[in-house]
Amino acid sequence: MIAGLRRLFAIGFACTAVLASAAQARTPFTVDDVFQLGWVSSPLLDHRGDRVLYLRHSMDIMRDQPRSNLWRVNIDGSEHRPVTTGPDSISSPALSPEGSRVAYVRRDDTGPQLFVSWLDSAQTAQLTRLPQAPASLVWSPDGKWLAFRMLVPAPAPTIGTLPRPPAGAQWADAPEVVERMSYRTDGAGSKPHGYQHVFVLPADGGSPRQVTTGNFHHSGNIAWSADAEALYIVANRNPDWEQDTQNTDLYRVELGTGAIVALTDRRGPDTQVTVSPDGKLLAWVGWDDRGLGYHRHRLYVMGVDGGNRRELLPDLDRNIQQPGWSTDGKRLLFYYDDRV
């Protein structure tokens, strides 16, 4: 139950901070007030339930963009202080199992990289010099490894061989060849060529190792097995993955051999996987795709080998999100929106 209370407290902390800020407003918002707004996200409660870490967001009026830094505070409100400072935005914070270190993504001179800060000494180490941005950081249960996702680039398709422009010439951009079903994002433009893959990295630094392969996107969350010898990931590794955009399955990746085993195979999304404390069960959310305009996320449990699948709370008519196990493994806690 403690783990569930931690999660509920962390979510409540974030919501309370936002509501408290709104309650202090005395006048209607104006256009200029956007640069005075502040909000919090990504709350993390340590293993003892004594301290909360969270991302504190604000607007940078000089750059006209949002920024975020990592802060910490005791649950009684004392020792409220920053863990990171400066103009660079922090993302993907992950607290180590013993609660003494926090990993996060921050930019260096080459781009987003993985950093770790020790909370008792305020020391920080940069762990990576990666060509692409890492995301979805998660610690192994023994605190020795970090897993994350990262884009592995692939060459863009071309039509024939184009002539090379003379030195100093100003030619038009090369034509864009589109062979992908989903190649552009609203507001962001063309997607980069490549595939999202899963990597593991020693928590004290070293070379990251790619543990998934193939021309598939592994874009869901990542969960470690209790013995830290395997990962549970979310992906669509089926031949028709580009056409079947709603479908994802759960897979187990053996870190020793690289073997990838599918644990689900239904039509519809399976995601937000989490492992029970004893390492015997998986909980996740998803739904069977029946071609409707709306499906609600349902809660499921099964063995780590994919056996004994069953749905919990089939009559709950709410969209279940972010399941998590209690410390004793006897309960699952989650949240859903109601009357929004």
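**A pocket, a sheet and its salt bridges**

The lining of the second largest pocket is made up, by class, of 11 nonpolar, 11 polar and five charged residues. The model is a predicted one, and in it this pocket holds about 750 Å³ of space. Of the 27 residues that line the second largest pocket, Ser 182, Lys 191, Tyr 195, His 217 and Trp 241 lie nearest its centre. Strands β13 (194-202) and β16 (230-235) each supply at least two residues of this lining, and the largest share, three residues, comes from β13.

Another antiparallel pairing, over three bridges, is that of β5 (residues 91-95) with β6 (residues 101-107), where Ser 91 has Val 105 in β6 as its bridge partner. Five residues lie between the strands of this hairpin, in which Gly 99 takes a positive phi near 80°.

Side chains of opposite charge can pair when their charged atoms come close. The whole structure contains 16 salt bridges, and one of them joins Asp 109 to Arg 129, with the closest N and O atoms 2.6 Å apart. Since Asp 109 lies in the loop between β6 and β7 (112-118) and Arg 129 in the loop between β8 (124-126) and β9 (135-139), the pair ties together parts that are 20 residues apart in sequence. Asp 109 counts as exposed at 67% relative accessibility, and Arg 129 is likewise exposed, at 54%.

A salt bridge also connects the side chains of Asp 244 and Arg 267, at 3.1 Å from N to O. Asp 244 lies in the loop between β16 and β17 (249-254) and Arg 267 in the loop between β18 (260-262) and β19, so this pair ties together parts 23 residues apart in sequence. Here Asp 244 is buried, with a relative accessible area of 7%, whereas Arg 267 is exposed at 52%.

In a further salt bridge, between Asp 265 and Arg 309, the closest N and O atoms are 3.7 Å apart. This pair links distant parts of the chain, 44 residues apart, with Asp 265 in the loop between β18 and β19 and Arg 309 in the loop between β21 and β22. Asp 265 is exposed at 63% relative accessibility, while Arg 309 is partly exposed at 43%.

How values were computed: Residues numbered from 1 in each chain as written. Predicted model: local features only at pLDDT ≥ 70, side-chain atom pairs only at ≥ 80, totals over all residues. Heavy atoms only, no water. 1 Å grid on protein atoms, 1.4 Å probe; cavity = no way out; pocket = protein on both sides within 12 Å on 5 of 7 lines; lining within 4 Å. Points joined across faces, edges and corners; volume = space filled by probe spheres on them. Helix = DSSP H or I, 4+ residues; strand = E, 2+ residues; numbered from the N terminus. Nonpolar A, V, L, I, M, F, W, Y, C, P; charged D, E, K, R; others polar. Pairing = 2+ DSSP bridges. Salt bridge = Lys/Arg side-chain N within 4 Å of Asp/Glu carboxyl O. Buried < 20%, exposed > 50% of the residue type's maximum accessible area, 1.4 Å probe, protein only.
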